[in-house]
Amino acid sequence: MVMDFLAPSEPEEKTTAKNPWKILIVDDDPDVHEVTRIAVAGCQFEGRNFELLHALSAQEARQVFIDHDDIAVALVDVVMENDTAGLGLVGWIRSELGNRFTRLILRTGQPGYAPQTDVIMKFDIDGYAEKAELSRTKLITAIVAALRGYKLVMSLETNRRKLKQLNTHFAAIVEKNALSDFASAVLRHFNDLVEQPLDCLLCGLDSLPDYGAYDRSNIRVLAATGIFESKTDLPVDVLDDDVIRKAVNLCVDTQVTQSLAEGVALPLVTRNGMTGALFVGMPLKQLEELVGSEVIQLFVSNVSLGYEKTGLLEHIRDLAYVDRVTGLSTFSGFIETFQRYAAASTPLLVVHSDIQRFRVIVDGIGDDQAAAVLKKTGHRLSQIFPDALTIARKEKDEFLILLKGGGANRVQDIVARVEDAFQDPITLDDNQMTLRMRLGFATAEEVLSQEAEQLVRFASIALNDVRQKGLTNHAVFHPLMQEAAFERLRLASLLTGAANQTEFFMHYQPIMQAQDEKIASFEALMRFRSQSGNFLNTARMIEAAEASGQISEVGAWMFKTAFSEFSKFSGISDTVRLNVNLSPRQVQTNRIYKDIEDAVSSAELPLHRLVFEVTEGLFLSNDQVTLSLLTWLRNKGARVVIDDFGTGYSSFSYLRKLPVDGIKIDRSFIMNMDQDADALAVVKSIIAVAQALDLSVTAEGVETAAQRKIMRELHCDYLQGYLYSKPLGEDDLAGFIQEAGSRGFSFD
């Protein structure tokens, strides 16, 4: 045996902190163990020392392999307990122990003895040599070659294991549909992959940018671990470490890896502009040693794809659940939130709100500015209701607010909060506008028995009740409202059903001059009759026409018919006028000007013979659309009077500011004034104020001579009521005109 490996070894280098390579010597000759130890003393490979393990038999070697699962190289003597003990050990290592990684070098002291080639191939043996051939140089060369093989197979195994781990991780990561959940999952699984906790940042956009562009100020920390954990959801620019912050920003800008002593920023490259970066607080070289460069690249590539996919899903979700005008939830988002809380048996309250006269705002400032009003309104609602489960824009100027039900959110408290909040005007450039909100409420006593759409519909019915009645700014849903809504729908269907389903015709009630009882005017009153000949309630039919949007067509028919019939009345002077009623919804339509002009032109009736009656509710918001129409009518020679004065929101103070010529005192005061001192006091006050403002006064509902007498004594101008005549059809009216002209009226 050549003994050159017994030569003195080179001075031993300073050991490192890296784990040594474990090398097992299996031989029944103790001298072989000793000379091998001397031969490799002080040797290193890639900065790692050699640690020798020893076994004097195949049986001892089995136990060493069981105790150590990280043996890199085994030098195995073929002949020990028997002629094939070494080969038996190799077979056990590969087959029974399942160790495919330890590199095996067979040695023998018997020249000419060698295992068959198929045995070497079968058991993945790295080398075979006679002991006499192994000089120190050859021995070290064989061990180093085996270590390289061990490192390679272990790297392949690590990659295989990490890739399998990646596959498992990404199956969980890609399930996330929200960027925050996705980012948290990425960092959690990356720490598992490295098998140690790391200081990490996942930075990127929280929404899909405009095509081909992004604003760096929108780059934020989507998720963070370790020392960066408190930075989650903050902009990247607030990071305290200048070096890391600059590296992340440069990585995002250039989409190139930025390697630092503190760590490495890896770019997330996507196809849709959702740029981002993964920062890991570990040097790249060390990270690659732990995980493998290919695994890191694959991980980052998969994260980029997941980031792109999740960002796109979140963008799609935003399109479905975020209103583009206000930034509030959409109706779909509202329904989803409702269902989530309903499933948890949470008592819920739905508030359906809109802006009074919003169409007037749109006409005045345009669509773009109106959108800004909606955005500011939504923002103010969010400030009013920080406890809201969600706030959504339903459509146009309608908003939905979902609150927890119960004592914490009482209706009157909510109304007061809204009224107080909207006392301050909304500022838009140089303009200020005070908004008035209307509210409809619906509560779910048993949430599980209520569907979201149903409760919203109930709140909408309550809001529509506010719109129809105009008596207050809020209402709480009651089943009777649903019945009323159904009745309006039924009546509206009579207006739009088959031909001749509902007959329209006019009746006229005379209005007399109080002092001489001559005919001053006729009030045109629409009547509706079904196919069966039954009269339909006029007020409800008009209400149904307003609710269904048919009031313009009905009003146009009324103008044309009433003007035409009135122009043909015989036996009346040219000073007698025709009173017609204007619906609040009708006044708000642009076509009303043309409808009036077409009707007067067709009937050849001058406008100075017309009196237009409007309810005082039209003037509550000082609506410019209404004021413009009434001013236009008066400029054309027509007169304007306020109908049913004394009910609702009556106010003497606004009378002097309005384009009106007179008022009609509501019949409820006239019918009771001879028996009710309070009613009489109201009538006296109304007449006194009207006279002071030079406005004419008409008393409605005059039915007795006593009532007539009181009104004459108070110097009321005109009287209307059953004392003179009920509303009459065109045929009966001729007889009334003839009788009134021949003998007049006397009730003394």
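**Helix packing, close up**

**View 1. Helices H2 and H3 cross in a right-handed sense.** Right-handed here has the near helix turned clockwise from the far one by less than a right angle. The two pack at about 25°, with axes 10 Å apart; axes are lines fitted to C-alpha atoms over the stretch in contact, and angles run from 0 to 180 degrees between N-to-C directions. H2 and H3 are therefore roughly parallel to each other (angles under 35 degrees get that label). From H2, the contact takes in Ala58, Ala61, Arg62, Phe65 and Ile66, and from H3, Ala85, Gly88, Leu89, Trp92 and Ile93; contact means heavy atoms within 4.5 Å. Sorted by type, the residues of this contact are 8 nonpolar, 1 polar and 1 charged. Nonpolar covers Ala, Val, Leu, Ile, Met, Phe, Trp, Tyr, Cys and Pro, charged covers Asp, Glu, Lys and Arg, and the others, Gly among them, are polar.

A note on what you're looking at: this is a predicted model, where local features need pLDDT of at least 70 and side-chain atom pairs count only at pLDDT 80 or more, while totals for chains, interfaces and linings use all residues. Residues are numbered from 1 along each chain as its sequence is written, and side-chain values use heavy atoms, with hydrogens and water left out.

**View 2. H2 (residues 58–67) has buried residues Ala58, Ala61, Val64 and Phe65.** Buried means under 20% relative accessible area and exposed over 50%, with a 1.4 Å probe and protein chains only. What do the buried residues of H2 pack against? Their partners are strands S1 (21–26), S3 (48–55) and S4 (71–77), plus helix H3 (85–96).

**View 3. H16 (residues 551–567) and H18 (residues 592–603) have axes that come within 8 Å and cross at roughly 25°.** That makes H16 and H18 roughly parallel to each other, and H16 passes H18 in a right-handed crossing. On the H16 side, look for Ser552, Ala556, Phe559, Lys560, Phe563, Ser564 and Ser567; they meet Ile592, Asp595, Ile596, Ala599, Val600 and Ala603 in H18. The tally for this contact is 8 nonpolar, 3 polar and 2 charged residues.

Technical notes. Helices (H or I, at least four residues) and strands (E, at least two) are DSSP runs, numbered from the N terminus. Angles under 35 degrees count as roughly parallel, over 145 as roughly antiparallel, 65 to 115 as roughly perpendicular and the rest as oblique.
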